[in-house]
Amino acid sequence: MKRSRINEIMAEADAFIRGFGFALPPFAYWTPEEFRARKEEASRLVSSRMGWDITDYGAGKFDEMGLFLFTLRNGELADLSRGRGMCYAEKLLISRQDQLSPMHTHVIKAEDIINRGGATLAVELYGSDSGGRFDAAAGGKVRCDGIDREFGPGEVLKLAPGESVTLMPGDWHAFWGEGGDVLIGEVSTVNDDITDNIFREPIGRFAEIEEDVAPTHLLVSDYDRML
């Protein structure tokens with residue numbers, strides 16, 4: 001992805017989020033220079049990879065297959081292992097109309113995917129085989145707003161604003177906006193996007209960036225390289 005396009009997506013996403021009465025935290029608006037100057041006090045943001053995240057999954061087709069994310073807070077895997085402390089994470093996502101977030105699952109993370117507003121959120125579901133691998137013939141069970149429901153292989157849930165689904169490790173899922181763009185909330189156990197995204201197809205989690213202009217704000221994938 002070109003950096004200029006990423007800058008545009010950031011501005012569009014900020015306006016979209018504000019349109020629903022949400023506001024991003026102050027560090028969202030730091031310039032790269034301010035982030036570098038405050039790197040020591042921002043060490044927790046960096047280690048937890050909190051902040052802007054825009055991906056086309058390395059495919060170069062963001063409008064067709066991509067996702068906007070902003071990690072608002074994130075705990076420590078060490079706390080999760082101990083079973084106490086900050087064991088949770090929260091994100092805001094934007095799934096555009098017909099923009100696919102491709103089929104994947106997690107080994108560790110359990111998550112609530114919540115339609116916070118906009119159009120319908122379509123979530124396609126499959127179960128796993130005994131080894132946790134994608135199984136095109138498997139269904140399963142999820143929880144929708146506290147109510148358990150079974151799903152068949154390839155079933156698509158349609159979540160209206162205010163509705164949610166709870167996904168556990170081994171629940172394979174893909175999603176997209178249906179009929180328009182969707183603001184999504186994600187509340188989960190500690191989030192590790194480096195190792196805990198298992199895709200059905202051999203794709204990458206992060207975009208490859210062409211630096212055609214300077215970044216407006218840093219992405220979480222910029223931290224190691226630019227800080």
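**Close-up views of salt bridges and a surface patch**

**View 1. Arg 205 and Asp 193 are both buried.** Buried here means under 20% relative accessible area, exposed means over 50%, and partly exposed lies in between (1.4 Å probe, protein chains only). Arg 205 and Asp 193 form a salt bridge, with their closest N and O atoms 3.3 Å apart; the term stands for a Lys or Arg side-chain nitrogen within 4 Å of a carboxyl oxygen of Asp or Glu. This is a predicted model, where local features need pLDDT of at least 70 and side-chain atom pairs count only at pLDDT 80 or more, while totals for chains, interfaces and linings use all residues. Residues are numbered from 1 along each chain as its sequence is written, and side-chain values use heavy atoms, leaving out hydrogens and water.

**View 2. Glu 111 and Lys 109 meet through their side chains in a salt bridge (3.6 Å, N to O).** Here, too, we are looking at buried residues: Glu 111 and Lys 109.

**View 3. Lys 158 pairs with Glu 178 in a salt bridge (3.1 Å, N to O).** Lys 158 is partly exposed, at 44% relative accessibility, and Glu 178 is partly exposed at 29%.

**View 4. Arg 5, Glu 8, Glu 12, Asp 63 and Arg 96 are joined in a network of salt bridges.** For context as you explore, a search of the whole structure finds 24 salt bridges.

**View 5. Val 107 is exposed, with a relative accessible area of 59%.** Together with Leu 77, Ile 108 and Ile 198, Val 107 makes a nonpolar surface patch of about 320 Å². Patch members have over 30% relative accessible area and no salt bridge; like charges are joined within 9 Å, and nonpolar side chains (Val, Leu, Ile, Met, Phe, Trp, Tyr) within 5 Å. Accessible areas come from the Shrake-Rupley method with a 1.4 Å probe, and for residues only the protein chains shown count as cover.
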